[in-house]
Amino acid sequence: MTAPDAIIVGAGPAGSAAAIGLARGGDNILLLDRARETGDALCGGFLSWQTLARLEMLGIDRASLGGQSVRFVRLFAGERRSETMLPGEAMGVSRRRLDSLLQAAAVAAGADLERGVHATAIDEGAVQTRDGATLAARSIFLATGKHGFRGFPREPAGWQRGDPVIGLRLRLPAHPALARLVGNAVELHLFDRGYAGLVRQEDGSGNLCLAVHKSRLDEANSDPAALLLSLGNALPRLGERLAHADWSRAVDAIGHVPYGWRTAESAPGLFRLGDQAGVIPSLAGEGMGLALASADAAVAAWRHGGGDAAPVFQRSLAAAMTRPFALANLVWRLGENPRTAGGMTRAASLFPSLARMVSHATRIDSR
């Protein structure tokens, strides 16, 4: 069996996008994913106008995505509310739909997708798997998303270490009232030590995602559903949306997400993509943008300099993340602080051009 030119660990958006770009160039690509079936990952249900343009270049157009059009961003902080038109038309779409389309495009481009392969380590240019196999290639692309990977620690910022951040997700069933309330907007409901983002997706359901500090969850006896119910009681606008929840559904959770972390470090032959390169605060809605931008830049670097280009690629990507990450962190900290959230929302209402500028400035431009 001929060894692949590159192995990509993780068939989410970053890994699949890299597989498409590399395979189109004629390289022999092995794409590994530990899941046997494409799931509906917790994060990444919002695609910005820039991300949609990147998907077009990968051969995935808006029609095939079939998601909900998103034209406005809406903020809620206590009694305050703002609504601002986005710089471009965005979309709400499930990760199951997005990942499935990207994986199919990678296979169509010539990549070999192997499912149910659990990579456990990367050592000396080879991928070790749980079943004891050693898979070698000239280059390895690490794209395992928000889940940690042994040997590649991601430390959160100092101010998060004492009170780490947890991601939660509840799907709200499609309902005419939910459609009227949310419409073609992405909503951010701000509260003490967290925020909830809500967007409708291709089937009309609502994807409600929270980034919340552990201390806030502890106050609800570590019960995500109890936390959501208490937030719904305290925040009437959020409560109106949660009135349509199906509480028999489980609340998905992922712990200790290192929002704001990023790295400039790598080694020849190792490209770190997406959340393995940096984790932008989800409030910015640029997680999928980072995944695709990092894949695009890595493919370009590989074409130019092969595996030796990896360290320069990683430093360049980290530099491109500096401004969007700093701004997203600032907005996040203002939004989760009760003393500043109302003022930020009022400023967005009075100066919509400022809100649009922030939306622009939190996009990743990796080239």
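Predicted model: local features only at pLDDT ≥ 70, side-chain atom pairs only at ≥ 80, totals over all residues.
Local features need pLDDT of at least 70, side-chain atom pairs count only at pLDDT 80 or more, and totals for chains, interfaces and linings use all residues. Residues are numbered from 1 along each chain as its sequence is written, and side-chain values use heavy atoms, with hydrogens and water left out.

A salt bridge is a side-chain nitrogen of Lys or Arg within 4 Å of a carboxyl oxygen of Asp or Glu. The count by this rule is 21 salt bridges. In one of them, the closest N and O atoms of Arg 171 and Asp 40 are 2.7 Å apart. Arg 171 lies in strand 11 (residues 165–172) and Asp 40 in the loop between strand 2 (29–33) and strand 3 (46–47), so the pair ties together parts 131 residues apart in sequence. Strands (E, at least two residues) and helices (H or I, at least four) are DSSP runs, numbered from the N terminus. Arg 171 is buried at 16% relative accessibility, and Asp 40 is buried at 17%; buried means under 20% relative accessible area, exposed over 50%, and partly exposed in between (1.4 Å probe, protein chains only).

Arg 249 and Asp 246 also form a salt bridge, at 3.8 Å between the closest N and O atoms. Arg 249 is partly exposed at 36%, as is Asp 246 at 28%.

Val 331, in helix 11 (residues 310–335), is buried at 17%. Leaving aside neighbours within four places in sequence, Val 331 is in contact (heavy atoms within 4.5 Å) with Leu 283, Met 344 and Val 358.
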